[in-house]
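Biologist: I have not looked at this one before. Can you walk me through it, starting with a contact you find worth a look?

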Amino acid sequence: MEELDGEPAVTVIPGVNSKKNQMCFDWGPGEMLVCETSFSKKEKSEMVPSCPFIYIIRKDVDVYSQILRKLFNESHGIFLGLQRIDEELTGKSRKSQLVRVSKNYRSVIRACMEEMHQVAIAAKDPASGRQFSSQVSILSAMELIWNLCEILFIEVAPAGHLLLHLLDWVRLHVCEVDSLSADVLGSENPSNHGSFWNLVTILVLQGRLDEARQMLSKEADASPASAGICRIMGDLMRTMPILSPGNTQTLTELELKWQHWHEECERYLQDSTFATNPHLESLLKIMLGDEAALLEQKELLSNWYHFLVTRLLYSNPTVKPIDLHYYAQSSLDLFLGGESSPEPLDNILLAAFEFDIHQVIKECSIALSNWWFVAHLTDLLDHCKLLQSHNLYFGSNMREFLLLEYASGLFAHPSLWQLGVDYFDYCPKLGRVSLELHIERIPLNTEQKALKVLRICEQRQMTEQVRSICKILAMKAVRNNRLGSALSWSIRAKDAAFATLVSDRFLRDYCERGCFSDLDLIDNLGPAMMLSDRLTFLGKYREFHHMYGEKRFADAASLLLSLMTSRIAPRSFWMTLLTDALPLLEQKQVIFSAEQTYELMQCLEDLTSRRPVRGESDIQQLQDEDIETTKVEMLRLALARNLARAIIREGSLEGS
């Protein structure tokens, strides 16, 4: 059975007393809105809330940090590069590429950590300084864990080389020695400095024996009485066998040499060679791997994993990866000594030393404040083929689940959501569905942002989302009386109903103003005018105006008549079309044939016969009716005259 997690931590909202007042809340994609209700629990008469605040509780507050935004942006490029690593690569070439990717991730973490540290130092507000310092500690822990995972899971260093990597790991993350060294060496007489022996001890604890020998030479120069034993200690440090990266000796050879060296150190201890100098004797005990002597240096070791690596260096330098968990657990127990319980970081590192990848990811998910770390580390480990067997019970694997969570957090930010799109793209099972759900929630504040969202949807053939976004933008444009933009969006959405609505608005504006707005758009509708009958009519009616302007009267007349007889033109617009026919009817030459004139007369009769009967009308309505009546009379007269001219003309043509 799967291990159950503990209860989640309670989030206390300042100023809110849930025992006194009732609260209501609403979930968002990445946050929760909490506010006080307008009624009291006890007395109905108390209707005024005592807490005049609305609280927004964000799930991923780190996305709003300016410095961490650089972490998210830089790692996004590394993530995409990792997805493109050729699956056909195998062996050393693939491993070297994965190690390089891991180091790139760590360099980004370290760069952000250094920048955050500078900001913490420069902070004027003590509270802000503490907050930044806390973030530095978190980033440092993230890099520490990642580095260890890189050594154990990605590089998979063998025995011998494993200890070299662990030494580098400790030296990188326990870096106080560098400032201490600068302080001691910067003094007039380093060997008399109060921290001289602390520095030498730390150098030995970190396996930096060459540097320790140089420091001992300064002690020998300053104190001739100690020169002999300092030289002996220096020789022991120099001759200590250790497997270097370019060394070709076997582990067996190394173990034999180390055993001889260790026995030599034992003889010096038994002969009390360094009894006259407690500092050198303490160093010798450390180099013999004496646990009691190591534990005496707790303050200089500072943490149990430093103690672990030093202990291995001087007791089992050829430790095998499979034995690490034993040494790690015993080192943790010895170092803490029952005085305190392990911290979350201790549990994570211990799980790594036990090669329990899933426990590492689980502990990190609980301890860290955002999903960035676990999402990217898990993705990298998945590319190393280390998580293939671990599927979750709800239809996804661990990698995809964590990437989905991280991408969801990015979508809560007004600009980082663009990064989240690419993470969803590389989640094969649930990525597309999640992207569709999240992209619909993006507030389209500006047209530029809407175009970005639209381009993303179009690239991924997300037809429904494209239609939805275009309809939203079309409605906004209509509300702002930007009819050209509204028509453009409705065409892009392929929404016939909305295109019809906007076309009606164009025609209504034309009737009121006598001219069209956004002529360029209407003139270049092209095949888009076939989206709806009303849009077709709008395009063809504009075409009629073009023909009339170019004095192609016969073509214009035919088009105008076809718009009415085909019933494409809305009946409410017939009077406008018939009025447009008046100048053509009054031309010197006959434009409309007798048959066409009969059809126009039929349209006029249909229009006037179906006019609704009005009751009592106000003055404005009476005036409108008078105008309509005048138009009808003028049309009838013009049609009758044109019919007579057309009959005479057609008769004379037949006679000739």
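Modeller: Arg-208 and Asp-178 meet through their side chains in a salt bridge, 3.4 Å from N to O. A salt bridge here is a side-chain nitrogen of Lys or Arg within 4 Å of a carboxyl oxygen of Asp or Glu. Arg-208 sits in the loop between helix 6 and helix 7 and Asp-178 in helix 5, so the pair ties together parts that are 30 residues apart in sequence. Residues are numbered from 1 along each chain as its sequence is written. This is a predicted model, where local features need pLDDT of at least 70 and side-chain atom pairs count only at pLDDT 80 or more, while totals for chains, interfaces and linings use all residues; side-chain values use heavy atoms, with hydrogens and water left out.

Biologist: How many salt bridges does a search of the whole structure find?

Modeller: The search finds 16. One of them joins Glu-143 and Arg-106, with the closest N and O atoms 2.8 Å apart. Glu-143 is in helix 3 and Arg-106 in helix 2 (residues 91-122), so this pair ties together parts that are 37 residues apart in sequence. Glu-143 counts as buried at 1% relative accessibility, and Arg-106 is buried too, at 11%.

Biologist: What about Arg-399 and Asp-382?

Modeller: Arg-399 forms a salt bridge with Asp-382, and their closest N and O atoms are 4.0 Å apart. Arg-399 belongs to helix 18 (residues 398-410) and Asp-382 to helix 17 (residues 372-383), so parts that are 17 residues apart in sequence are tied together. Arg-399 is buried at 8% relative accessible area, and Asp-382 counts as buried at 15%.

Biologist: Which residues do salt bridges with shared partners join into one network?

Modeller: Lys-103, Arg-106, Arg-110, Glu-143 and Glu-150.

Biologist: Change of topic. How many helices and strands does the chain have?

Modeller: The chain has 30 helices and 3 strands. These are DSSP runs numbered from the N terminus: helices are H or I with at least four residues, strands are E with at least two. Of the 656 residues of the chain, 45% count as buried.

Biologist: Why is helix 15 described as largely enclosed?

Modeller: 7 of the 10 residues of helix 15 (residues 344-353) are buried, so the rest of the structure largely encloses this helix. Among the buried ones are Asp-346, Leu-349 and Phe-353. The partners of the buried residues of helix 15 include helix 3 (126-155), helix 4 (161-173) and helix 14 (324-336). After helix 15 comes Phe-355, whose phi is positive, near 60°.

Biologist: Which residues touch the most other members of the largest nonpolar core?

Modeller: Of its 186 residues, those are Trp-169, Trp-304, Phe-353, Trp-372 and Phe-373. Helix 3 gives the most to this core, with 12 residues. Such a core is a set of buried Ala, Val, Leu, Ile, Met, Phe, Trp, Tyr and Cys residues joined through side-chain atoms within 4.5 Å.

Biologist: What is Trp-169 in contact with?

Modeller: Leaving aside neighbours within four places in sequence, the contacts of Trp-169 include Leu-144, Tyr-305, Leu-349 and Phe-353.

Biologist: Last one, Ser-331: buried or exposed?

Modeller: Ser-331 counts as buried, at 0% relative accessibility. Its place is in helix 14. Leaving aside neighbours within four places in sequence, Ser-331 is in contact with Trp-304, Phe-307, Leu-308 and Arg-311.

Conventions: Buried < 20%, exposed > 50% of the residue type's maximum accessible area, 1.4 Å probe, protein only. Contact = heavy atoms within 4.5 Å.
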